[in-house]
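The exercises below are meant to be worked through with the sequence and the structure side by side. Please try each task before reading the solution that follows.

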Protein chains: 2
Amino acid sequence: MSLVIVGSVAFDTIRTPWGDRERIVGGSGTYCSLAASFFTRPRIVGVVGRDFPRKTLAELRARGVDLAGLKIKAGQTFHWEGRYGEDPNRRTTLRTELNVFADFRPRIPEAYRGSRIVYLANLNPEHHAFVLDQFRRPALVAMDTIRLWIDTKRDVLLKELGRVDIFFANDEEARLVTGETNLITAGKALLGLGPSLVVLKKGEHGALVFGRDLVFGVLAHPCEHVVDPTGAGDSFAGGFLGYLDKTRGLAVREVRRAAVYGSVMASFAIEDFGINRLLGLDRALVEARFRQFRRLTTF
Amino acid sequence: MSLVIVGSVAFDTIRTPWGDRERIVGGSGTYCSLAASFFTRPRIVGVVGRDFPRKTLAELRARGVDLAGLKIKAGQTFHWEGRYGEDPNRRTTLRTELNVFADFRPRIPEAYRGSRIVYLANLNPEHHAFVLDQFRRPALVAMDTIRLWIDTKRDVLLKELGRVDIFFANDEEARLVTGETNLITAGKALLGLGPSLVVLKKGEHGALVFGRDLVFGVLAHPCEHVVDPTGAGDSFAGGFLGYLDKTRGLAVREVRRAAVYGSVMASFAIEDFGINRLLGLDRALVEARFRQFRRLTTF
């Protein structure tokens, strides 16, 4: 079992209609590795400043996250501030302080270089090659992206899509990359750009998975009160890739279950601010919600 | 088996980015009864003008739709004109000519008055009582509504919700009636207003069914090209109620399957203009798509 997650470990300031939180722990790598930790022992590659709480590092380690690839540098940790409105699917970025993340060139520890799955979480696509060239022969490379890279690095992004196996996108990103309004057409168009699996996340409407001979749909857990949507997508990727790492397979049956575990982990993440809910989980709660997802759609 | 559908039988003029159609046959009662005809022998109560094509009446009869309750009056048939943009979930009404529908006070034929299921399709809620009082003891009363009645007859609508068993609404209508943004909260709030089942239709995102101890989700069929979204909701109701009429039960298992058959019928309706696709179907195609829905979500 070996899943390497290259992403941000950060502070988030979150403003919502039902409360604010200042500088709580967040970041794509944090959410993703915590979610994956219920299935495998994820390895995280990232950088934080000396201001990052040791308590969180201890909590991540206690959940089985391997922190050998997490660099602690002089300076301040990446800090993002955002505001959500009544519609949790829409957010506004109020501030982005890259700090030690600004000149982050991910160095992969020797012990990680034979890893089976590599996940590039919202990385500048110009840095993909630098990261991937350090691995020997990963069985699976997955990537996510953000609107910023679609708007500013479109050509590089499209080229990188041709080199990955799995692409995670939300509906807005899928439409922006492909120019297609219809999500089924957009998903299939993304497949045509290279990945063998495309995971299209739709927030409260669940997710769709597209493969060569596969369209699979998973609903979102019926959540009445989304407290903090931050990290939902990263938690989805963590559950999805963590489960695939555990099973070591990529058959259709495993991909379907991976998507449900992705949805399960995302559904937990949004129930509290930051990583609180993921830290408070155990495997039994994860399995119980997996069964709830089955009841939700079985007929 | 006895399902009575009280609704419009009409002409629609449809404008879409990929083509227009002038005065083709439409109407909530038409779509709903055609969709239901794959499960039961629906009875339709409505009114048309002498300009309504005999060919369509023959086609409806050939599908087993009972037209004894469809009045043919001197004058012109109800005519609606609308335009869809790139997003098939949004439409603009360009024209509404009520014609013979304007003073339509639905008279229920004696032979229909013992019917088991009554569906009030987009009817002015002020006329519900007049219609329902003509039935003896229907086992199930279902209703749909439109934005117009939510905006203009809110109090009557809320009162009528307290008298029906099943309420069909799309996401916009559910939010408007309840004032809730979160669809799960909205669905549960609608349950609180009276119905024992609430069916919340979400277009390309499928549908959610809420019951006393039930939240069930069905995805939409992955359709790449929506030709004409008109009638999707009415076809959903037709498949749903037609199946319930056939099975004569209201157990959770039957409700789940009814929702899938609703989605199946809606997924066909939008594949061509007007009622063309529904007219071209047979039971084997319906069952084949039902199995596709199962493959779409099974894990």
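**Exercise 1.** In this predicted model, determine how many of the residues of helix α1 (residues 28-36) of chain A are buried, and say what follows for the helix.

*Solution.* Begin with the criterion, by which a residue is buried if 20 or more other C-beta atoms lie within 10 Å of its own. Applying it along the helix gives A:Ser28, A:Gly29, A:Thr30, A:Tyr31, A:Cys32, A:Ser33, A:Leu34, A:Ala35 and A:Ala36 as the buried residues of α1(A). These are 9 of the 9 residues of helix α1 of chain A, so the helix is largely enclosed by the rest of the structure.

**Exercise 2.** Describe how helix α1 (residues 28-36) of chain B packs against helix α8 (residues 232-247) of chain B.

*Solution.* Two packed helices are described by the angle between their axes and the distance between the axes. Here the angle is about 40°, and the axes of α1(B) and α8(B) are 7 Å apart. Because of that angle, α1(B) is oblique to α8(B), and the crossing of the two helices is right-handed. On the side of α1(B), the contact is made by B:Ser28, B:Tyr31, B:Cys32, B:Ser33, B:Leu34, B:Ala35 and B:Ala36, while α8(B) contributes B:Asp234, B:Ser235, B:Ala237, B:Gly238, B:Gly239, B:Leu241 and B:Gly242.

**Exercise 3.** Work out the strand order of the open sheet of 9 strands in chain B, and find which strands stand at its edges.

*Solution.* Reading across the sheet, the order is β5-β4-β1-β8-β9-β10-β11-β12-β13 of chain B, and the pairing is mixed. At the edges stand β5 (66-73) and β13 (214-218) of chain B, each with a single partner strand, so one side of each is left without a neighbour in the sheet. From one strand to the next, the twist averages 15°. As an example of pairing, strands β10 (residues 166-170) and β11 (residues 197-201) of chain B run parallel and are joined by 5 bridges, with B:Phe167 standing opposite B:Val198 in β11(B).

Helix α8(B) lies across β1, β8, β9, β10, β11 and β12 of chain B, and runs at about 170° to β8(B). Helix α9 (residues 252-269) of chain B also packs on the sheet, where it touches β11, β12 and β13 of chain B, its direction making about 25° with that of β13(B).

**Exercise 4.** Give the order and the edge strands of the open sheet of 4 strands in chain B.

*Solution.* The order is β3-β2-β6-β7 of chain B, with mixed pairing, and the edge strands are β3 (19-26) and β7 (91-97), each of which pairs on one side only. Within this sheet, strand β6 (residues 79-84) of chain B pairs with β7(B) in the antiparallel sense over 6 bridges, and B:Trp80 stands opposite B:Thr96 in β7(B).

**Exercise 5.** Decide whether B:Arg212 is buried or exposed.

*Solution.* First locate B:Arg212, which lies in the loop between β12 and β13 of chain B. Since a residue counts as exposed if 12 or fewer other C-beta atoms lie within 10 Å of its own, B:Arg212, with 8 such atoms within 10 Å, is exposed. Finally, B:Arg212 and B:Lys188 are 24 residues apart in sequence, and their C-alpha atoms are 8.9 Å apart in space.

How values were computed:
Residues are numbered from 1 along each chain as its sequence is written. Chains are lettered from A and ligands numbered from 1 in the order in which they are written. This is a predicted model: local features need pLDDT of at least 70, side-chain atom pairs count only at pLDDT 80 or more; totals for chains, interfaces and linings use all residues. Axes are lines fitted to C-alpha atoms, for helices over the stretch in contact, and angles run from 0 to 180 degrees between N-to-C directions. Angles under 35 degrees count as roughly parallel, over 145 as roughly antiparallel, 65 to 115 as roughly perpendicular and the rest as oblique. A crossing is left-handed if the near helix is turned anticlockwise from the far one by less than a right angle, and right-handed if clockwise. Two residues are in contact if their C-beta atoms, placed from the backbone, lie within 7 Å. Two strands pair if DSSP finds at least two bridges between them.
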